[in-house]
Amino acid sequence: MGTRYAIGVDIGGTNLRVALVSEEGRIIDKIKMPSSGDVMASLREAVERLGREGVAGIGIGVAGLLDRGSMTVLKSPNLPSMSGKSFKELGFTLPMVVENDANAAALGERWMGAGREYRNFVLMTLGTGIGGGIIHRGELLGVAAEVGHMSISADGEKCPCGNYGCLENYASARAIIEAAVKALEKGANSMLRECCMGNYYKISPEDIYRAAFEGDGLARDVLKEAGRYLGIGIANMINMMSPEAVILTGGLIGAWDIYIKEAIREASRRAFAGLVEGVKILPSALGGEDAGILGAAALILHEEKVSV
Ligand SMILES: [Zn+2]
């Protein structure tokens with residue numbers, strides 16, 4: 001019998017990634033493009049290009065709330081063009097499975113990454129928004145795990161999800177940029193003022209880390225404040241799930257020494273001592289690039305049981 005493959009798809013707010021993955025977890029070939037265009041057309045084309053003999057099916061991880069049975073994206077705040085779309089429209093004859101993108105990333109980490117040694121962990125994706133996936137007793141827990149939308153402030157800012165005071169309004173890349181811009185508008189003294197040829201409305205999270213690592217007070221304060229809120233979110237997850245590990249992924253872990261360190265301090269202060277002591281808080285081994293496509297492929301290759 002020849003090698004079995006799956007096509008793993010990761011549709012995020014910024015990029016669409018489609019890969020041919022072998023049953024050993026090797027990425028044989030990968031196509032990456034922006035998810036801003038016609039996602040369905042790009043996906044169909046990529047699957048046709050990567051298809052070959054031995055492909056057992058297509059696993060799809062997509063940002064948003066899903067109806068798994070009808071393979072429909074119910075709501076996707078960071079990918080509005082996909083809301084209401086069903087992957088059944090693609091008309092593929094191969095078996096297909098859909099899952100939330102952060103859940104797929106958790107499965108990818110469990111299979112080939114930082115989660116290999118843990119049977120119980122929470123993955124948090126720290127980017128424009130904050131997503132989550134939960135591995136329980138070695139299996140993906142089939143719940144929404146929208147950790148970025150846990151309410152942490154009674155009267156907070158409005159979130160793209162429609163609610164007020166969600167974690168991602170305080171701890172995500174979007175929140176960090178908004179906090180920096182607000183302080184600059186009020187006249188705060190910072191090297192960020194010189195960024196982007198003086199147009200500080202264009203600053204990126206990377207500009208903020210760079211300034212923070214160079215000792216800029218505003219950049220450091222903004223990252224530490226976001227880290228403190230992230231720590232509240234992590235403490236909530238630890239108290240609820242008592243995981244062995246919390247695995248963090250996404251662009252923001254580039255600022256580990258300031259933002260994540262602050263989060264770890266805050267989580268240690270807030271979570272039950274008996275629960276937080278043994279918990280490892282560690283970075284993803286696969287990064288945002290491959291965790292989602294590997295996890296999506298695992299849904300097919302392992303006929304992955306999702307515990308519901
Ligand atoms: Zn929200």
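## The zinc site

Donors are N, O and S atoms within 2.8 Å of the metal. This model is predicted, and in it the zinc ion has protein donors that follow the spacing H-x9-C-x1-C-x4-C along the chain.

Which atoms are the protein donors of the zinc ion? His149 gives its ND1 atom, while Cys159, Cys161 and Cys166 each give SG. These donors lie 2.0 to 2.4 Å from the zinc ion. The four donor atoms subtend angles of 106 to 121 degrees around the zinc ion. Four donors count as tetrahedral if all angles lie between 85 and 135 degrees, so the arrangement is tetrahedral. One of the donor residues, Cys159, has 3% relative accessibility. Buried means under 20%, so Cys159 counts as buried.

How many disulfides does the structure hold? The count is zero. A disulfide is a covalent bond between the sulfur atoms of two cysteines.

Take Cys195 as a case. The closest cysteine sulfur to its own is in Cys196, 4.8 Å away. A disulfide needs the pair of sulfur atoms within 2.5 Å, so the sulfur of Cys196 is too far for a bond with Cys195. Is Cys195 buried or exposed? Cys195 is buried, because its relative accessibility is 15%.

## Helix packing

Two packed helices are described by the angle between their axes and the distance between the axes.

The crossing of α4 and α6 is right-handed.

## Thr125 in strand β8

Where does Thr125 sit? Its place is in strand β8, which runs over residues 121-126. Thr125 has 21% relative accessibility, so it counts as partly exposed. The cut-off for buried is under 20%.

Thr125 and Gly148 are 23 residues apart along the chain. Their C-alpha atoms are separated by 8.9 Å.

Key
Residues numbered from 1 in each chain as written. Predicted model: local features only at pLDDT ≥ 70, side-chain atom pairs only at ≥ 80, totals over all residues. Heavy atoms only, no water. Buried < 20%, exposed > 50% of the residue type's maximum accessible area, 1.4 Å probe, protein only. Donors = N, O, S within 2.8 Å, 3.2 Å for Na, K, Ca; no water. Tetrahedral: all angles 85-135°; square planar, octahedral: opposite > 155°, others 65-115°. Left-handed = near helix turned anticlockwise from the far one by under 90°. Helix = DSSP H or I, 4+ residues; strand = E, 2+ residues; numbered from the N terminus.
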